[in-house]
Amino acid sequence: MGDNPQKEMKQLFQSGLRKLNISLDGIALEKLLLYAGELEKWSRRINLIARKTTTRDVVEKHFLDSLTLLPFVVGKDNLPSATLLDVGTGAGFPGLVLAVALPDLQVILVEPRLKRVSFLRHIIRTLSLANVEIIDQRLESAPGLQEKKIDYVTSRAVAEPAVFLPMVMPFLDGGARVLLMLGPDHAAQWKGDGPLRQLQLEESRDFVLPFSGAERTLCKLEHKK
């Protein structure tokens, strides 16, 4: 980066958002800039992201990639106070990013690794976020979670769809939709036998990340009616 890393990071955000045709208000953008700066600082001490990740990659592959889910969450469902469950959120992707962008969205982050939980709690305090809950256990050990009303379930890196979807099927049985973040070669991986045959594709969108040109396919799945 140059003499003013914060300014250059802001320019990366603004350029990327423009190329993705995603609008974000000024307050949310400033909070995401602070979040990204803290992520880079903490990553010098604990393993949150790959050591040699450039600032451009931090902005694109973590923050902008997470924000591509916004059209699904604020789209035609138009839920006034939806709840999103992010399983294995790591350093907060995509769930914590979406919580910053959408203050009315209630977000539950599931993350059992305590160093990451410490970072998540630091960001929540630093950004004064009132719409985030952390569950510092594995999904299958979380008490009472399946009794909560969940509207969306997502994950970026827990497991392949054929493994992840059966894990979260109880939430889909309760009416939640699952938001899958896939590469182009994996867009049909949600199809399969057993419980997966109960799912249907409600919506899909293709994106190209603005700096690397990496292709992404997002799928919104629901239980067959």
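A: Gladly. This is a predicted model. Start at a loop: Pro94 sits between strand E1 (83-87) and helix H5 (95-101).

Q: What is the peptide bond from Phe93 to Pro94, cis or trans?
A: Read omega. From Phe93 to Pro94 omega is near 0°, and the bond is cis.

Q: Is Asn21 buried or exposed?
A: Exposed means over 50% relative accessible area. Asn21 has 72% relative accessibility, so Asn21 counts as exposed.

Q: Where does Ser128 lie?
A: In the loop between helix H6 (114-126) and strand E3 (132-135). Ser128 is not a glycine, yet its phi is positive, near 50°. Its relative accessibility is 62%, so Ser128 counts as exposed.

Q: How many helices and strands are in the protein chain?
A: Seven helices and seven strands. Along the sequence the pattern runs α-α-α-α-β-α-β-α-β-β-α-β-β-β.

Q: Why does the radius of gyration agree with a compact globule?
A: Compare the value with the expectation for the chain length. For 225 residues a compact globule would have a radius near 17 Å; the protein chain has 17 Å, so the two agree. Buried residues make up 53% of the 225.

Q: What share of contacts join residues at least 24 apart?
A: Take contacts between residues at least 6 apart in sequence. Of these, 70% join residues at least 24 apart.

How values were computed
Residues are numbered from 1 along each chain as its sequence is written. This is a predicted model: local features need pLDDT of at least 70, side-chain atom pairs count only at pLDDT 80 or more; totals for chains, interfaces and linings use all residues. Side-chain values use heavy atoms; hydrogens and water are left out. Helices (H or I, at least four residues) and strands (E, at least two) are DSSP runs, numbered from the N terminus. The radius of gyration is taken over C-alpha atoms; the globule rule is 2.2 Å times the number of residues to the power 0.38. Buried means under 20% relative accessible area, exposed over 50%, partly exposed in between (1.4 Å probe, protein chains only). Contact means heavy atoms within 4.5 Å.
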